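Please look at the structure below and keep in mind throughout that this is a predicted model.

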Amino acid sequence: MRAGGGAASGALVLVLVRHCLLLGSLGLRSAGAQDGNGCGHTLLTPHSGTLSSKNYPGTYPNHTMCCWRLQAPPGSSLLLAFGDVDLEPSEHCAHSSLLLADPQTGTAYGPYCRNSVPSAPLLVTNSSTVTVLFNSTSHRSGRGLLMSYATSQHPDLISCLVRGTHYTQEYISVYCPAGCKDIHGDIWGNPSQGYRDTSVLCKAAVHAGVIADELGGQVTLSREKGITLYESAFANGLRSKRGSLSEKRLVFHKACDDVLEVVTFNASSWWHEVDVLGQDRAWVAERAALSTTDHSWAAEPGAKAAWLELDLGTRKNVTGIITKGSSEQHDYYVTSYHVSSSRDGKNWRPYRGSSGQEDKVFEGNADSHGEVSNAFIPPIVARYIRVTPQSWHQRIALKVALMGCQLARVRIPRPYEPSVPREVIEATSHPGSHTPIPGIALDPEKAGSTLLVILLIGGFVLLCSCLLLLAFLCHRKRKSTVELNCGITKGYPKLESSQVCSLQSLPAPSLASFPMAPTPGDLSWTHSPEYTEPDLVQANPSSQTGPSTFKPLLEEGYTLPLVLNHYDVPGKHNEYAEPLPPEPEYAMPFSEPEPAGMLRSTCITAGAAECSPGQYQTPALRPGELPAAVEGTGTPCSEESRGWPRHCPLAHVYHEAL
């Protein structure tokens with residue numbers, strides 16, 4: 001970037017002032033002004049704008065001049081973006097040139113031409129006023145000039161010629177200037193699919209309805225994976241092209257862009273058609289919904305000032321409109337229309353866009369089957385929308401859909417009011433009309449009590465469930481204990497239930513330390529290992545001698561064994577083991593089975609006198625343990641019988657090995 005200085009700079013500034021002296025008589029506005037016969041497409045606004053030479057991008061004419069004065073709001077400076085500077089080269093750019101100057105400070109930038117181009121695409125000035133001068137003499141080639149500007153609040157300003165392929169990052173946020181809609185550049189795609197990444201970015205943003213061409217604005221988009229085919233569409237006064245596969249596609253971010261539900265349709269009139277076959281067809285207002293098939297709404301022939309009204313039920317934020325013709329069978333469609341809005345259905349306000357001076361005319365359809373989109377920037381906040389056709393093809397016929405979102409309600413704090421008693425109004429039997437809103441509405445005053453009732457009910461149900469579970473577990477445990485106590489009778493001769501099924505009714509055990517000899521032929525009894533307690537036999541005169549298991553006294557430190565029969569296996573029932581004896585015990589010698597009918601050992605049959613200590617080697621008694629008598633009342637041996645087993649009859653039988 002070159003800034004002139006000294007006498008040369010002063011001379012250039014004088015030339016600019018002389019050529020642009022007539023601008024003072026044009027009634028300059030704060031946004032800026034232009035003058036000359038070499039000016040091309042120009043749109044100047046207070047915050048941004050675009051300007052070009054005549055015939056751009058074609059060859060600019062000979063002997064032309066254009067002067068633009070750019071004016072930013074007070075307190076801000078200007079940024080200049082050079083889109084294209086293609087002027088025929090010459091020495092010191094004498095034939096065709098571009099010159100920028102600040103009349104307030106006398107600073108000049110340029111001159112520029114093809115052999116002296118700006119060094120950077122963006123020029124940052126420190127002034128709120130910049131004069132741009134373009135002049136040409138005789139030349140043969142050159143596209144001319146295209147540049148844009150914005151205030152210093154938008155440092156991410158880009159030119160109207162920037163394409164999506166100029167970026168590599170996934171997310172893009174840039175500021176597009178006003179006036180890019182009519183600049184030469186192609187776009188491929190539509191708002192729903194996205195745009196080919198070779199599309200001109202700011203022009204595609206206008207087509208998508210993200211910004212208004214007369215305002216410009218901030219644009220946020222993402223570069224996503226490309227698609228095979230991009231369909232063309234007509235939207236916001238631009239026709240996009242049909243494009244092929246691309247590596248990336250541009251998807252613009254637009255928050256409030258949902259299809260709004262229309263509660264009712266109303267129209268000034270409708271057409272009752274009777275075809276050549278005598279069949280009736282009603283082109284009523286309800287046929288104006290975009291989702292309907294076959295024919296649309298049509299006004300009565302010859303009707304003046306026809307209109308179509310859409311009721312959204314409540315106030316909505318309306319950001320766009322989509323229109324369509326009658327159908328493919330009928331060639332009826334509206335080519336232009338006005339839009340009005342109302343909050344109560346009585347007072348209507350025409351939509352004037354961003355300018356606010358004249359009613360905006362929206363471009364309609366060019367055929368009867370295509371869809372055309374138009375954006376409302378700024379959006380419309382209303383409940384009722386009315387479409388008034390201005391021009392049409394053959395007949396007024398229309399299908400409509402509105403885009404937008406729910407209106408975000410902002411609570412405004414109420415001013416302080418002193419508490420004043422008010423008259424209580426009795427509720428009538430006919431409540432006032434209201435607009436139904438989807439969902440469940442809870443009274444804030446009753447929400448607390450309702451929540452408390454729900455919590456109490458939930459706690460009560462949980463408590464009952466816990467009590468039932470506890471009762472079930474106790475019952476199951478008690479049943480298991482009873483079955484455990486009564487199950488010892490399985491596979492044995494009958495015993496008294498009071499002695500078997502009740503552990504509390506069992507008498508004190510009067511048992512010896514080892515069993516007696518088994519009955520011949522009984523294979524269910526075997527020698528027990530020396531680290532387990534031998535099976536016990538209860539001596540009861542009133543019942544048959546049979547195997548049984550009793551829990552020893554608690555002071556002995558033993559537990560109840562559950563060896564029931566010879567079919568039981570370890571692990572099936574709980575087994576109680578006896579701790580190892582303090583003194584060594586000797587194993588019993590094997591002997592031949594006794595003859596049938598002998599239920600006692602030799603010591604019992606022959607008497608105590610014939611028992612000798614050498615006949616059987618038995619373990620010694622524990623301290624304080626007394627042997628029990630087999631015959632009689634079951635009283636323990638007397639003091640004289642402590643020489644057992646010589647003088648005390650045995651009360652146990654020995655089990656032979658299987």
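Strand β10, which spans residues 129-136, is largely enclosed by the rest of the structure, because 7 of its 8 residues are buried.

**Partners of strand β10**

- Strand β5, made of residues 65-71, runs antiparallel to β10 and is joined to it by 7 bridges; within this pairing, Cys66 stands opposite Phe134 of β10.
- Strand β7, made of residues 96-102, also pairs with β10 in the antiparallel sense, here over 6 bridges, and Ser97 is found opposite Asn135 of β10.

**Strand β29 and its partners**

- Of the 10 residues of β29, 8 are buried, so this strand too is largely enclosed by the rest of the structure.
- Strand β24 runs antiparallel to β29 and is joined to it by 8 bridges, with Gly320 having Met403 of β29 as its bridge partner.
- Strand β19, covering residues 258-259, is joined to β29 by 2 bridges in an antiparallel arrangement, and Met403 of β29 is the bridge partner of Val259.
- Strand β23, covering residues 297-298, pairs with β29 in the antiparallel sense over 2 bridges, and in this pairing Ala298 stands opposite Ala397 of β29.

**Nonpolar cores**

- In soluble globular proteins, nonpolar side chains tend to be buried together.
- The largest nonpolar core here has 29 residues, and those that touch the most other members are Trp297, Leu308, Val318, Val339, Phe376, Ile380 and Leu402.
- At least two residues of this core come from each of the strands β20 (264-267), β24 (308-324), β25 (333-342), β28 (371-393) and β29 (397-406).
- Leaving aside residues up to four places away in sequence, Ile380 touches Lys316, Asn317, Val318, Val339, Ser341, Tyr351 and Ile385.
- There is also a second, separate core of 26 residues, and Leu78, Leu80, Tyr112 and Met147 are among its members.

- Val453, Ile457, Phe460 and Val461 together make a nonpolar surface patch of about 400 Å².
- Ile457, one of these residues, lies in helix α3, which covers residues 444-486.
- Is Ile457 buried or exposed? Its relative accessibility is 51%, and because a residue counts as exposed over 50%, Ile457 is classed as exposed.

Conventions: Residues numbered from 1 in each chain as written. Predicted model: local features only at pLDDT ≥ 70, side-chain atom pairs only at ≥ 80, totals over all residues. Heavy atoms only, no water. Core = buried A, V, L, I, M, F, W, Y, C linked by side-chain atoms within 4.5 Å. Buried < 20%, exposed > 50% of the residue type's maximum accessible area, 1.4 Å probe, protein only. Helix = DSSP H or I, 4+ residues; strand = E, 2+ residues; numbered from the N terminus. Contact = heavy atoms within 4.5 Å. Patch = residues over 30% accessible without salt bridge, like charges linked within 9 Å, V, L, I, M, F, W, Y side chains within 5 Å. Areas by Shrake-Rupley, 256 points an atom, 1.4 Å probe, with all protein chains shown as cover. Salt bridge = Lys/Arg side-chain N within 4 Å of Asp/Glu carboxyl O. Pairing = 2+ DSSP bridges.
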